[in-house]
Amino acid sequence: MNHDTDPHRYPVTLNPVGLATPGGHYSHVASGNGMLFISGQLPIDASGHKLTEASFDVQARQVLANVETALIGGGSEISKLLQVRIYLTDVAHWPLFNQIYAAWAGAARPARAVVPVPALHFGLQIEVEATALL
């Protein structure tokens, strides 16, 4: 195998189909040495529409759909998650998010952090980043 393209040894970056084009100088997914890193995902649909006016429930479900799209596009899956970091603009949303997340993650129970923050880009309410095995 050509080591320059081996995702298990050398860095590879990509922007999977089904995710909006990144809004800055980054890739949605980076992998190397058997690990997959997913940049912070916001509630933005594949066409680039920001769900700023949507309810927290809708925003949370979109973010998790984006994380799953990134996982699959990068060659991984929910069951291979190692760590998930959640940023919330209102910690009062924590119980609802935990319910939505538990249904989404199923049997997977990766390490997790929930971080209350004062604000996120575009006035959105949630951002999620993750690390997984390939």
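This is a short talk on one protein chain, from its overall build down to a few residues.

Before the details, the model is predicted, so local features are taken only at pLDDT of at least 70 and side-chain atom pairs only at pLDDT 80 or more, while totals for chains, interfaces and linings use all residues. Residues are numbered from 1 along each chain as its sequence is written, and side-chain values use heavy atoms, with hydrogens and water left out.

I start with the fold. The chain has two helices and six strands. Both kinds of element are DSSP runs numbered from the N terminus, with helices being H or I of at least four residues and strands E of at least two. Read from the N terminus, the order is β-β-β-α-β-α-β-β.

Next, the overall dimensions. Along the principal axes, the C-alpha atoms fill a box of roughly 50 × 30 × 20 Å.

Now the surface. Of the 134 residues, 40% are buried. Here buried means under 20% relative accessible area, exposed means over 50%, and partly exposed is in between, with a 1.4 Å probe and protein chains only. The chain exposes about 7100 Å², and carbon and sulfur atoms supply 56% of that area. Areas come from the Shrake-Rupley method with a 1.4 Å probe; for residues, only the protein chains shown count as cover.

Charges are brief. There are 7 positive and 10 negative charges, and their mean positions are 7 Å apart. Lys and Arg count as positive, Asp and Glu as negative, and His and the chain ends are not counted. Each charge is placed at NZ of Lys, CZ of Arg, CG of Asp or CD of Glu.

Now to the aromatic side chains. Rings of Phe, Tyr and Trp (its six-membered ring) pair if their centres lie within 6.5 Å; planes under 30 degrees apart count as stacked, over 60 as edge-to-face, and the rest as tilted. In one, the ring centres of Phe97 and Tyr101 are 5.7 Å apart with planes at 35 degrees, so the pair is tilted. Phe97 and Tyr101 are four residues apart in helix 2 (residues 94-105), which separates them by about one helical turn. Phe97 is buried at 0% relative accessible area, and Tyr101 is buried at 5%. Tyr101 also pairs with Trp104, again tilted, at 5.9 Å centre to centre and 45 degrees between the planes. Tyr101 and Trp104 lie three residues apart in helix 2, about one helical turn. Trp104 is buried at 16%. Phe97, Tyr101 and Trp104 form one aromatic cluster.

Last, backbone angles. Asn33 is exposed, at 61% relative accessibility. Phe122, also not a glycine, has a positive phi of about 60 degrees. Phe122 sits in the loop between strand 5 (111-116) and strand 6 (126-133) and is partly exposed at 47%.
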